[in-house]
Amino acid sequence: MSQRKHGWEWTAWMMAAILLLGIAEGRPGEQLVTVSRINLETEKKEDGKGPGEGRTLKESPSNTGSAPAAAAEEPSLSLHAQSAVLIDGKTGRVLYGKNEDVQRPMASTTKIMTCILALEKGKPGDKVAVSGNASSQPQVRMGMKKGESYYLKDLLYALMLESYNDSAVAIAEHIGVTTEGFAEMMNEKAKSLGCENTHFITPNGLDAQETGENGEILLHSTTARDLARIMAYCVLESPKRDDFLEITRTRNYSFTDADRKRNISCVNHNSFLDMDKNLLSGKTGFTGGAGYSYVAASEDEERIFAIALLGCGWPPDKTWKWADARKLLEYGRTNYTYRDVFQKLELPSLLIEKGIPENGELSEEAFMPLTSEGEETFPVLLRKDEKVEVTLNIVKSLPAPVEKGTVVGEILYTLEGEVIRKDPVSASKTVKKISLSWCLGRVFAEYFL
């Protein structure tokens with residue numbers, strides 16, 4: 001028999017554990033769900049320490065959330081538009097808004113959705129037959145005749161450069177069989193992009209209304225926020241974004257019908273392409289009900305801005321949209337820059353109840369080191385006065401056993417009360433449960449081996 005490695009204290013602890021386990025064996029462990037929140041500042045300390053260095057951790061009660069940072073008061077840009085918005089194209093966050101969530105008719109800015117759906121669902125070489133419905137559309141129109149055929153690619157240029165209404169209907173009927181079927185596709189796409197306040201009826205944006213399932217009157221309408229979001233999708237996320245940009249940036253385009261009997265020339269009416277060297281794309285619109293509208297996207301030093309203007313004057317105020325667009329984009333470029341707000345946190349160890357301590361000493365508690373994996377950079381488009389709050393939420397303890405990789409909490413990045421990033425926090429190793437058999441094994445190994 002080997003000499004005992006421990007004295008009477010160890011034996012007492014072991015016997016007590018065996019007695020307690022004999023009573024508690026088979027009883028399910030109680031899960032503790034109380035959450036600790038540890039708030040960290042995102043600004044650099046005056047002592048020169050960078051993010052995550054030398055931080056003081058402050059624990060707040062589990063039943064109180066972190067108060068959202070107070071939003072700085074936005075200046076008034078004195079815009080003509082009834083509704084306007086400037087968003088971060090990469091995240092959709094509103095950087096400046098004026099009635100940005102009010103639904104209004106949007107005229108031919110509708111056609112950005114018509115174009116991107118046609119690019120994604122159709123093929124450039126598709127032959128599109130002209131129906132009587134398409135040929136009867138009002139001005140502005142290409143003058144199609146029933147029975148003619150055109151290639152889809154050419155009709156998309158006619159749609160986006162000249163904003164021809166007959167071209168929009170011909171495209172819609174080709175992709176969706178009927179304009180109603182195409183409208184369903186438009187609405188489904190809008191919903192998938194998070195546009196909850198948009199309702200499409202026509203593919204060309206002409207003022208329209210219909211009766212909903214519950215008898216309510218639905219207008220062909222959107223919000224400035226939703227419209228800007230759709231534009232951001234077109235230029236950044238769509239698998240056909242390159243084709244969309246090529247079409248909408250073209251100044252002049254000529255084509256014929258499929259039988260080469262007619263020649264059509266198109267000129268891009270998005271004059272802002274020549275006013276702003278950073279403009280990626282844009283689309284104008286006008287109807288009597290909508291007034292002048294405009295949607296655009298711009299890129300400047302890796303910043304992607306999307307803007308939308310609805311109800312931006314009526315004749316003769318045709319140029320107001322250019323003035324508003326310039327103000328919005330200038331505001332974004334002047335006030336918003338990327339700052340890396342990533343925090344490398346020192347994660348605490350988590351108490352594991354009835355867990356086997358790493359050194360095997362039952363007189364001590366079992367703790368598990370935690371880990372969080374995520375990209376160690378997080379650039380966010382911010383004003384100088386904006387701050388991102390980083391919050392660590394973890395359970396206070398867990399009953400053993402706990403497997404490696406078990407998620408026990410999360411790191412939240414919050415801006416103005418909205419979570420903009422979430423990193424899971426997990427167990428970095430497995431901690432087994434103290435069992436009766438383990439205790440007996442320890443006694444046997446201590447005294448008989």
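How many of the residues of the protein count as buried, as a percentage? Let's work through this and a few more exercises together.

The model is predicted, so local features need pLDDT of at least 70 and side-chain atom pairs count only at pLDDT 80 or more, while totals for chains, interfaces and linings use all residues. Residues are numbered from 1 along each chain as its sequence is written, and side-chain values use heavy atoms, with hydrogens and water left out.

**Exercise 1. Describe the overall build.**

Step 1: Start with the opening question: of the 449 residues, 50% count as buried. Buried means under 20% relative accessible area, exposed means over 50%, and partly exposed is in between (1.4 Å probe, protein chains only).

Step 2: Look at the secondary structure, where you will find 11 helices and 22 strands. These are DSSP runs numbered from the N terminus (helices: H or I, at least four residues; strands: E, at least two).

Step 3: Turn to contacts, meaning heavy atoms within 4.5 Å. Among contacts with a separation of 6 or more, 67% join residues 24 or more positions apart.

**Exercise 2. Find the salt bridges and place their partners.**

Step 1: Apply the rule: a side-chain nitrogen of Lys or Arg within 4 Å of a carboxyl oxygen of Asp or Glu. The count comes to 13 salt bridges.

Step 2: Take Arg 333, which pairs with Asp 276 at 2.8 Å between the closest N and O atoms. Arg 333 lies in helix α10 (residues 320-335) and Asp 276 in the loop between α9 (272-275) and β11 (279-287), so the pair ties together parts that are 57 residues apart in sequence. Arg 333 counts as buried at 18% relative accessibility, and Asp 276 counts as buried at 8%.

Step 3: Glu 237 counts as partly exposed, at 37% relative accessibility.

Step 4: Finish with the network of salt bridges that links Arg 93, Arg 383, Asp 385 and Glu 386.

**Exercise 3. Locate the nonpolar cores.**

Step 1: Use the definition: buried Ala, Val, Leu, Ile, Met, Phe, Trp, Tyr and Cys residues joined through side-chain atoms within 4.5 Å.

Step 2: The largest core has 62 residues, and Met 142, Leu 156 and Phe 244 have the most contacts inside it. Helix α7 (residues 224-237) gives the largest share of this core, 9 residues.

Step 3: A second, separate core of 26 residues includes Leu 350, Ala 366, Leu 370 and Leu 415.
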